[in-house]
Amino acid sequence: MSKQYPYFISLDEAVSICNEYGIELSTETISLTNALNRVLATGVVAKVDDPGFDNSSMDGFAVLHSDTLKAPTKLSIVGVSNAGTQEQPSIEKGEALRIMTGGPMPIGADSIIPIELCNIEGDEVILQEPSKPSYVRKKGENFTQQQELFSAGTIMSPEKISLCAAAGISEVTVYKKLKIAVISTGDELKNLGDELTFGQIYESNSYGLKSLVEMYGHEATRFPYVIDDINVLRDTLDDAAKDFDCIITSGGVSMGDRDFVRIIMEQEGQIKFWRVKMRPGSPPIFGIWNGTPIFGLPGNPVSSHVVFRAIVGKWLTALTNTPDSYSKYINAILFEDIKTQPGFTTFRRVELFDKSGITYARLKGHQGSGNIAGIAQSDGLTVILPDDKGRKGDVCKILLLWVTT
């Protein structure tokens, strides 16, 4: 059968085609307290200097460094500077000011001696060592007013949120989360809690795919599974296209007579590609249904997870020009031969271990694409490129699983 769309293409080609059909995301301004894992739509600019004034990083005494070069040195105590004080004292040669961590540096002082290196005798202090100019936090050394702290596309982490708060920023403008419909298909599926009869399995793909969507910072809604009926499938896809930004299906994308996602997309949708040279997960479809992007993922659970990581996740991050924080890679030495197919990118489930300071990767569990336990119990996936052999002793790129930002 002649195909009117790209067919059996490389993984790189598939990612590139998906990126041609992006969605223009709306934005919203939210409280900083709700910004975790959200993606900035505009840059963030500091409202203040940090620190806003020279201050001490130690409890001790503020002094003139030149007074302490010949330690031990005895100086007169002329006051105290506490954190939060609104007055800035001053000192002169031969004087010292008691200072607490965060206390403003007095005019005239340029260094700090920690309290544990001091002996106090009445209104005098004896310094046992030279003072440290490096114990002074200089005004603006962390960031300055009007400095851009983060650019658009940044994913907000706890550390970034804390920095924004220090910069006086109470709200940030972020991309609105996509609303994504997740739909599993198949006559063999049953809901959790139902009794299984011969030939039936519990529907599980929608749970994993929903979690993957949410891990990437968007909202997912699990639809009731759809039996292998093209009319029911059409109605379900139509409903999803009305209310959701994107549709993800699992199952029904291969070459059989009852692979109805593939059939209905060929007859009534717009297929942008079908089948990708990757193992596992080679039969995915990407296209448009009633104006809505649709990713048709394989029904085998490992394949659906791998295709999401390799294709869907990259599409989601490309929408916001954001690095894929959940695609973290390391290099490891293959502990054994990995079965590959020429021209295909190979993702095999592996566990990692160290031996003599070297990280090795070995196969974990049965590698069938229906064995979700294998991926759930693995550390990562091999990324063996189409021209590589996957031989024992080769250096192999590993996609780590379950990485957080």
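This is a predicted model: local features need pLDDT of at least 70, side-chain atom pairs count only at pLDDT 80 or more; totals for chains, interfaces and linings use all residues.
Residues are numbered from 1 along each chain, and side-chain values rest on heavy atoms, without hydrogens or water.

Strand β22 (residues 292-297) is mostly covered, with 6 of its 6 residues buried (under 20% relative accessible area, with exposed over 50% and partly exposed in between, for a 1.4 Å probe and protein chains only). Strands here are DSSP runs of E of at least two residues, and helices are runs of H or I of at least four, numbered from the N terminus. In a regular strand the side chains alternate between the two faces of the sheet. In β22, Thr-292, Ile-294 and Gly-296 are buried on one side, and Pro-293, Phe-295 and Leu-297 are buried on the other. Pairing of strands requires at least two DSSP bridges. Strand β18 (residues 246-250) runs parallel to β22 and is joined to it by 4 bridges; Ile-247 has Ile-294 as its bridge partner. Strand β21 (residues 285-289) is antiparallel to β22, with 5 bridges, and Ile-288 is partnered by Pro-293.

The whole structure contains 12 aromatic pairs, defined by ring centres of Phe, Tyr or Trp (its six-membered ring) within 6.5 Å; planes under 30 degrees apart are stacked, over 60 edge-to-face and the rest tilted. The rings of Phe-8 and Phe-344 lie 5.7 Å apart between centres with planes at 85 degrees, so this pair is edge-to-face. Phe-8 is partly exposed at 22% relative accessibility, whereas Phe-344 is buried at 6%. Phe-295 of β22 and Trp-315 of helix α6 are 20 residues apart and also form an edge-to-face pair, at 5.1 Å and 65 degrees.

The largest pocket has a volume of about 460 Å³. A pocket is an open set of points on a 1 Å grid over the protein atoms alone, where a 1.4 Å probe fits, with protein on both sides within 12 Å along at least five of seven lines; lining residues have an atom within 4 Å of a point. Volume is the space filled by probe spheres set on the points, which are joined across faces, edges and corners. Of its 32 lining residues, Gly-251, Pro-298, Gly-299, Asn-300 and Pro-301 are the closest to the centre of the largest pocket. The second largest pocket has a volume of about 280 Å³.
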